[in-house]
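Notebook open, model on screen. I'm jotting down what I look up as I go.

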Amino acid sequence: MLKQALVQNGLVAILRGLRPEEAPAIGDVLYTAGFRVIEVPLNSPQPYDSIRLLRQSLPADCLIGAGTVLTPEQVRQVKEAGGQVIVMPHSDPKVLRAAKAEGLFLSPGVATPTEAFAALAEGADVLKMFPAEQMGPAVVKAWLAVLPAGTALIPVGGITPDNMKVFLDAGVSGFGLGSGLFKPGMSADDVAKSAKAYVAAWHQHKPSTHP
C-alpha cells in the first residue's frame, strides 16, 4: 500500500515540530493538495498525539507514519497511536525487524549501496536516500542500475519544486519534504501554498510510468 500511495502522489510530508493542536488542520490541507503519506518525526512535541489525531481525521487512503524512529519500543508506540509507516534516518536491523513484526510499512534511511541492500534484505518497502544533498541524480542512476528492479528510492533533504525534475529523470519514486513544506509556526494556509507548489511540480515532472 505504501508503494501504491507513492504512485498516486510520490510526495511524503515530513512535519517536524508539528503540535497536536495543529495536526488536523495541517493534515486536511495536505490531503486536499494530494498528499497521501504524512510523517510526524518523533522529535516533535507530543508526536504520538499528533499521529493519533491525523489517523482519526484523515481518510483511510492517507498513510500516517512516524519519522526519526530509533528504537523497537518507539515502533510499538507508533503502532499503538495508529501509525502505519516507520521512517528512520538510519537502517538499524533491530528497528527494521520490530517494524516488520508489527506489520508496519518501512522506510529506512540509507546512504550507500551496502546499506540499501541490507535494508531490502530486512524487508524495507521504500529506501529513504538521506541526506539527499550529498547524493545527486548520478548516484540515483548508479544505485538503480544494481538494486533489484522496482526498488523505490525516496530522496530526503533539500528537495525543492525546482530540483525535483533531475531526480525524477534519474528514476526516483518520490521525495520526502521537510522544511521546504512545513516549518513550526506555519499556518494551515501557508502549508497549503507550499503543498500546492510541490504537487504542481510533481505532476509536471513525474515520469510517464506514474499515472
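This is a predicted model: local features need pLDDT of at least 70, side-chain atom pairs count only at pLDDT 80 or more; totals for chains, interfaces and linings use all residues.

I started at histidine 205, which sits in helix 9. Helices here are DSSP runs of H or I with at least four residues, strands are runs of E with at least two, and both are numbered from the N terminus. At 17% relative accessibility histidine 205 counts as buried; buried means under 20% relative accessible area, exposed over 50%, and partly exposed in between, with a 1.4 Å probe and protein chains only. Skipping neighbours within four places in sequence, I find histidine 205 in contact with Lys165 and Leu168 (contact is heavy atoms within 4.5 Å).

Residues are numbered from 1 along each chain as its sequence is written, and side-chain values use heavy atoms, with hydrogens and water left out.

**Core**

Beyond its neighbours within four places in sequence, leucine 30 is in contact with Ala13, Leu15, Phe35, Ile38, Leu181, Val191 and Ala195.

**Helices 2 and 3**

Which residues of helix 2 are buried? I get Ala23, Ile26, Gly27, Val29, Leu30, Tyr31 and Ala33. Their cover includes strand 1 (11-14), strand 2, helix 3 and helix 9. Glycine 34 follows helix 2, with a positive phi near 125°.

I checked alanine 23 on its own. Alanine 23 counts as buried, at 0% relative accessibility. From alanine 23 to valine 40 I read 17 residues in sequence and 9.5 Å in space, C-alpha to C-alpha.

On to helix 3 (residues 47-57), where Pro47, Tyr48, Ser50, Ile51, Leu54 and Arg55 are buried. Seen down the axis, these buried residues fall within an arc of 160°, so they line one face of helix 3; the arc is that of the directions from the helix axis to the C-beta atoms. They pack against helix 2 (23-33), strand 2 (37-41), strand 3 (63-67) and helix 4 (72-80).

**Strands**

Strand 3 has 5 of its 5 residues buried, so it is largely enclosed by the rest of the structure. Leu63, Gly65 and Gly67 point one way and Ile64 and Ala66 the other. Strand 2 runs parallel to strand 3, joined by 5 bridges, and valine 37 stands opposite leucine 63. Strands count as paired if DSSP finds at least two bridges between them.

Elsewhere I found an open sheet of 3 strands in the order 6-7-8, with parallel pairing. Strand 6 (109-110) and strand 8 (153-155) are the edges, each pairing on one side only. There are 2 bridges from strand 6 to strand 7 (residues 127-129), and valine 110 has methionine 129 as its bridge partner.

**Rings**

How many aromatic pairs does a search of the whole structure find? It finds 1. Phenylalanine 167 and phenylalanine 175 have ring centres 6.2 Å apart and planes at 85°, so the pair is edge-to-face. (Rings of Phe, Tyr and Trp, the last by its six-membered ring, pair with centres within 6.5 Å; planes under 30 degrees apart are stacked, over 60 edge-to-face, the rest tilted.) Phenylalanine 167 is buried at 6% relative accessibility, and phenylalanine 175 is buried at 0%.

I also looked for charges over rings, meaning NZ of Lys or CZ of Arg within 6 Å of the ring centre and within 35 degrees of the ring normal. Arginine 36 lies over the face of tyrosine 31, at 3.7 Å from the ring centre. Lysine 128 lies over phenylalanine 130, at 4.8 Å.

Phenylalanine 130 and proline 131 are joined by a cis peptide bond, omega about -5°. Glutamine 46 is not a glycine, yet its phi is positive, about 45°; glutamine 46 is exposed at 51% relative accessibility. Threonine 68 also has a positive phi, near 55°, but is buried at 18%.
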